[in-house]
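This report covers helix packing, sheets, chain and domain contacts, and some backbone details. The sequence and structure come first.

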Amino acid sequence: MNILVFIERAEGTVKKNSLEAVAYAHAMGGNVIALALGEMDEQELKALGTYGASKVLHGADPKFNAGVIQAYATIITSAMTQENADILVLSDSSLGTPVAARVAAKLDASLVTNVIALPETASGFVVKRSIYTGKAFAKVSLTKVKKVIGLKKNAAEVKEVGSPIEVTPFSATVSDSDFATRITSSEKATGDVLLPEANIVVSGGRGMKGPEHWGLIESLAKTLGAATGCSKPVSDMGWRPHHEHVGQTGVKVAPQLYIAVGISGAIQHLAGVNSSKCIVVINKDADAPFFKAADYGIAGDAFDVLPKLHEAIKALK
Amino acid sequence: MKILVCISHVPDTTSKINFTDNNTRFDSTGVQFIIGPYDDYALARAVELKESMGASVTVINVGLADTEPTIRKALAIGADDAIRVNAEPTDSWFVAAQIAAQAKEGGYDLILMGRESIDYNGGVVHGIVGEMLGMPSVSPVMKLDLVGNTAKLAREIEGGKEYLEVNLPFVAGCQEPIAEWKIPNMRGIMSARTKPLKVVEPASVDSGVKLQQFELPPPKGAVKMIPADQVQELVNLLKNEAKVL
């Protein structure tokens with residue numbers, strides 16, 4: 001069984017979540033072929049062998065640096081044909097998921113995204129996926145020969161199972177129509193830990209009283225190597241950018257540790273964090289609904305607790 | 001200009017999720033259904049475009065007769081007519097194939113929908129529809145402006161945004177802040193009653209995805225409260241008990 005894994009690019013490096021896709025495909029017991037597009041760090045591509053890839057294809061053309069949905073779908077589809085792969089595994093993201101959709105339509109494949117566990121193959125091919133924004137799960141059976149699987153974060157554990165391998169150049173044929181959407185520019189927060197990939201997230205809500213107090217959140221996040229997030233009201237009021245909004249209609253996160261400061265815990269916010277392994281809630285109001293969804297709670301003033309927490313964590317590091 | 005807006009009929013965001021029939025059916029007892037919040041943004045932007053530059057707005061929903069109040073709400077918000085594909089929306093592929101089948105004949109310049117429905121969260125219907133119709137697809141779109149035949153878009157990416165241009169026709173999966181949600185006014189509600197709502201039977205489709213069973217997450221254990229003056233204790237617990245530091 002040949003499984004193609006799409007390796008997403010982040011500023012010329014391999015996106016962390018793509019390693020989970022490699023680990024997932026390896027754990028499925030297949031022959032794992034990784035495909036990377038755009039200019040990327042050669043050492044990182046070689047290292048994909050360490051995580052389970054048996055072949056690494058690299059389409060290094062700089063015109064693939066920007067993620068054009070149609071072009072990526074065309075290239076991935078032709079790589080699957082060339083490598084005789086029936087299954088595509090990728091990590092769900094703002095690029096991966098739309099690309100998965102088009103690849104599945106090109107191949108007439110069974111398509112499922114938000115997958116959280118390895119398939120059960122005892123009878124058929126059954127995967128477990130998250131639905132209702134993490135409030136429930138569905139087990140679905142994929143019945144077509146070709147399959148496209150989008151993974152939610154933490155669907156597989158990244159492990160060292162092999163050693164680095166050579167990278168094989170891959171030349172892809174694309175047509176002008178694949179570039180019908182033209183990316184004119186982009187803006188990106190640099191140097192920060194990306195929220196959807198972060199292992200630790202520190203989020204602030206209205207209880208932070210204003211954007212001028214975000215230094216407390218940011219400095220704690222920095223010490224923890226965490227990403228910063230916020231509640232919907234905070235992004236609606238413009239205290240923080242929209243891409244930091246965690247919740248039902250914002251970013252859904254699945255970190256090891258989620259620290260919520262001054263967020264009351266509306267059900268829409270909980271929907272974005274309920275896949276977190278451990279939730280800490282700090283809120284002045286001991287009756288805040290978020291405490292019911294938390295593992296650990298402190299009923300206290302954020303402006304008093306946050307600096308102490310920061311000191312205690314600094315001491316630990 | 002002709003705009004098609006695809007809407008899902010989904011449980012209100014505050015709904016408690018439960019299942020029946022040995023965990024194979026969604027339990028709609030006591031659940032309030034709404035236009036998918038992301039679809040609602042797409043609809044609002046379509047109505048804005050109609051108001052600012054003239055367009056006809058058709059809404060399409062794949063659903064059984066119980067979705068008609070949701071469709072009427074979309075008509076009250078400002079859509080001109082509606083299509084209901086009379087079938088249960090079992091999965092993304094099925095829904096996308098039905099939308100593509102209807103859109104093929106429609107000659108739409110713009111096909112808008114939410115980035116994902118909030119029930120199955122697939123986030124793929126726009127891509128499948130685009131591929132099936134041979135149109136570009138872009139998602140998640142947070143800004144959409146038209147200059148002649150060209151759309152200028154902003155797409156959210158992890159940690160930022162990307163600006164794009166694409167010519168009509170194309171498919172977009174939308175999200176905030178593309179437009180402000182519109183609340184239907186009395187005139188809209190009255191006129192929605194008589195706007196055309198066409199019911200069509202579904203095309204035969206093999207989606208290749210079959211539901212086996214739903215599951216609910218295990219109940220959460222009780223929260224451990226730590227006094228505000230013992231922050232060190234929290235750090236110890238995170239390190240030694242939860243093992244997340």
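In this predicted model, helix α4 (residues 96–107) of chain A packs against α4(B) at an angle of about 40°, and the two axes are 7 Å apart. Angles from 65 to 115 degrees count as roughly perpendicular, those under 35 as roughly parallel and those over 145 as roughly antiparallel, with the rest oblique; α4(A) and α4(B) are therefore oblique to each other. Their crossing is right-handed. On the α4(A) side the contact involves Pro98(A), Ala101(A), Arg102(A), Ala104(A), Ala105(A) and Lys106(A), which meet His126(B), Gly127(B), Ile128(B), Gly130(B), Glu131(B) and Met132(B) of α4(B). Sorted by class, this contact has six nonpolar, three polar and three charged residues.

Within chain B, helix α3 (residues 92–106) also packs with helix α4 (residues 125–133): the axes come within 9 Å and cross at roughly 40°. That angle makes α3(B) oblique to α4(B). The crossing of α3(B) with α4(B) is right-handed. The residues of α3(B) in this contact include Trp93(B), Val95(B), Ile99(B) and Lys104(B), and those of α4(B) include Val125(B), Val129(B) and Leu133(B). Here the classes are twelve nonpolar, one polar and one charged residues. Ile128(B) and Met132(B) take part in the contact with α3(B), and Ile128(B) and Met132(B) are also listed in the contact with α4(A).

| Helix pair | Axis angle | Axis distance |
|---|---|---|
| α4(A) and α4(B) | about 40° | 7 Å |
| α3(B) and α4(B) | roughly 40° | within 9 Å |

**Sheets that include both chains**

An open sheet of ten strands runs in the order β12(A)-β11(B)-β10(B)-β9(B)-β12(B)-β8(B)-β1(B)-β6(B)-β7(B)-β13(B), and its pairing is mixed. From one strand to the next the twist averages 25°. Helix α1 (residues 37–53) of chain B packs on this sheet, where it touches β1 (2–6), β6 (56–62), β8 (110–114), β9 and β12 (170–174) of chain B; the direction of α1(B) makes about 145° with that of β8(B). Six bridges link strand β9 (residues 137–147) and strand β10 (residues 150–157) of chain B, which pair in the antiparallel sense. In that pair, Val141(B) stands opposite Arg155(B) of β10(B).

A second open sheet has six strands in the order β14(A)-β13(A)-β15(A)-β16(A)-β17(A)-β15(B), with parallel pairing. At its edges, β14 (227–230) of chain A and β15 of chain B each pair on one side only. Strand β13 (residues 200–204) of chain A runs parallel to β14(A) and is joined to β14(A) by four bridges; Ser203(A) has Gly229(A) as its bridge partner in β14(A). Helix α5 (residues 214–224) of chain A packs on the sheet and touches β13, β14 and β15 (257–261) of chain A, with its direction at about 175° to that of β13(A). Helix α6 (residues 231–240) of chain B packs on the sheet as well, touching β15, β16 (278–283) and β17 of chain A together with β15 of chain B; its direction makes about 170° with that of β17(A). Strand β17 (residues 296–299) of chain A and strand β15 (residues 224–225) of chain B run parallel and are joined by two bridges. Tyr296(A) stands opposite Lys224(B) there.

**Chain and domain contacts**

The contact between the chains takes 65 residues from chain B and 74 residues from chain A. On the chain B side, the largest share, eight residues, comes from strand β11 (residues 160–167). This side has 33 nonpolar, 19 polar and 13 charged residues.

Chain A is divided into domain 1 (2–179) and domain 2 (195–316), whose C-alpha centres lie 31 Å apart. Their contact takes ten residues from domain 1 and eight residues from domain 2. The domain 1 side has no nonpolar, six polar and four charged residues.

**Backbone details**

Most residues other than glycine have a negative phi, and most peptide bonds are trans. Thr133(A) has a positive phi of about 50° although it is not a glycine; Thr133(A) sits in the loop between β8 (126–131) and β9 (136–142) of chain A. Leu168(B) and Pro169(B) are joined by a cis peptide bond with omega about -5°, and Pro169(B) lies in the loop between β11 and β12 of chain B. The bond from Glu176(B) to Pro177(B) is cis too, with omega near 0°. Pro177(B) belongs to the loop between β12 and α5 (186–192) of chain B.

Notes: Residues are numbered from 1 along each chain as its sequence is written. Chains are lettered from A and ligands numbered from 1 in the order in which they are written. This is a predicted model: local features need pLDDT of at least 70, side-chain atom pairs count only at pLDDT 80 or more; totals for chains, interfaces and linings use all residues. Two strands pair if DSSP finds at least two bridges between them. Axes are lines fitted to C-alpha atoms, for helices over the stretch in contact, and angles run from 0 to 180 degrees between N-to-C directions. Two residues are in contact if their C-beta atoms, placed from the backbone, lie within 7 Å. Ala, Val, Leu, Ile, Met, Phe, Trp, Tyr, Cys and Pro count as nonpolar, Asp, Glu, Lys and Arg as charged, and the others, Gly among them, as polar. Domain bounds come from an automatic or database domain assignment. A crossing is left-handed if the near helix is turned anticlockwise from the far one by less than a right angle, and right-handed if clockwise.
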